[in-house]
Amino acid sequence: MTEEIMRVEGLIKHFFTKQGTVRAVDKVSFSIFKGETLGLVGESGSGKTTVAHTLIGIYEPTGGKAYFKDQSLEKDYSGRSKNLKKEIRIVFQDPGSSLNPRWSIKQILELPLKVHGTPVNRDQMKRITELLNMVELPPEEYLYKYPTTIGGGEKQMVAIARALATDPSFIALDEPTSALDVSIQAKIINLLIRLQKKFDLTYLFITHDLSLMRNMANRVAIMYLGKISEVAPTVDFFQKPLHPYTKMLLSSIPVISDDEEDLKPKKVISRGEIPSPVNIPPGCSFHLRCPEKMAVCSKIDPEMVEIEEGHTVRCHLYADG
Ligand code: SF4
């Protein structure tokens with residue numbers, strides 16, 4: 001897994017509001033490699049969805065750079081090349097609001113084919129049938145149904161089929177299971193894993209649910225108040241977490257065996273809530289909640305340092321590497 005498909009360098013997305021500047025994404029850097037799933041995890045307000053929406057082109061970046069296969073992502077969706085629009089797709093959190101309730105599933109899947117063109121040598125109807133089969137919805141049963149007549153999991157399968165319509169190589173999955181019943185979540189996750197293998201897809205998987213990452217992600221990045229605080233291969237992430245915030249998140253996830261309980265960091269008591277992104281504390285933005293805070297932490301924002309190959313952390317505890 002060495003071909004870098006997406007490169008993000010110091011990405012900034014600020015929103016200018018009456019209350020002040022919301023620093024939703026503040027100098028975020030990472031790479032995503034072909035065929036992998038990078039899990040981007042954080043609490044509500046951490047900026048993870050804004051990162052995905054900026055890469056997809058819903059927002060234009062305020063600063064920094066991002067590239068997909070060496071093509072710049074500095075423009076928003078309307079300014080991007082046709083090829084970029086086909087290659088980079090998104091599945092939103094709530095399939096109920098992302099699918100037009102007045103359109104049949106056939107019409108929903110027709111739209112991207114009309115806009116982007118049906119892949120060469122494939123008749124449009126044949127392609128729609130193929131897309132429904134890919135997401136395991138029998139076409140004869142679902143083609144003429146409407147989103148209002150099917151369940152949440154089925155709607156999300158239609159949304160996944162719509163994302164696949166243009167033969168993309170990269171899909172941002174923005175909390176794709178958080179609006180669904182637990183019984184349906186596993187089905188959607190397994191479907192996404194199967195589709196990834198079959199079509200060599202690359203995923204950016206956004207979630208607030210760390211336990212989902214174990215089976216889904218090759219690497220995990222943690223976001224806190226618009227910045228990435230730790231990135232690690234999934235195994236290292238769960239077995240050797242470094243950042244106090246990561247330890248806090250891991251110590252609170254449920255486990256199913258004593259072995260897993262032994263591996264978990266000891267319970268870290270969180271002090272308070274995540275501050276507003278309009279009013280980010282100086283120094284390390286986690287210092288108001290950090291149980292390991294030192295004098296330097298409220299004054300100087302730490303740099304990202306690499307501790308082991310592929311395992312980086314932004315915390316003064318590791319400043320000397
Ligand atoms: Fe805690 Fe300081 Fe590390 Fe921030 S830099 S996470 S406050 S120890």
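A crossing of two helices is called right-handed if the near helix is turned clockwise from the far one by less than a right angle. In this predicted model, helix α4 passes helix α5 in such a right-handed crossing.

**The α4 and α5 pair**
- Helix α4, which covers residues 105-116, packs against helix α5, residues 124-134, at an angle of about 115 degrees, and the two axes are 10 Å apart.
- On the α4 side the contact is made by I105, K106, L109, E110, L113 and K114, while α5 contributes Q124, M125, R127, I128, L131 and L132.
- By residue type, this contact of α4 with α5 divides into seven nonpolar, one polar and four charged residues.
- As a general point, an α-helix has 3.6 residues a turn, so residues three or four places apart point the same way.

**Helix α1**
- Helix α1, residues 48-56, is largely enclosed by the rest of the structure, because eight of its nine residues are buried.
- The buried residues of α1 are K48, T50, V51, A52, H53, T54, L55 and I56, where buried means under 20% relative accessible area.
- G57 follows α1 and has a positive phi, near 105 degrees.

**The loop residue E273**
- E273 lies in the loop between α12 (258-263) and β11 (304-308), and E273 is exposed, with a relative accessible area of 67%.
- Although E273 and R289 are 16 residues apart along the chain, their C-alpha atoms are separated by 7.8 Å.

Technical notes:
Residues numbered from 1 in each chain as written. Predicted model: local features only at pLDDT ≥ 70, side-chain atom pairs only at ≥ 80, totals over all residues. Heavy atoms only, no water. Buried < 20%, exposed > 50% of the residue type's maximum accessible area, 1.4 Å probe, protein only. Helix = DSSP H or I, 4+ residues; strand = E, 2+ residues; numbered from the N terminus. Axes fitted to C-alpha atoms, helices over the stretch in contact; angles between N-to-C directions. Contact = heavy atoms within 4.5 Å. Nonpolar A, V, L, I, M, F, W, Y, C, P; charged D, E, K, R; others polar.
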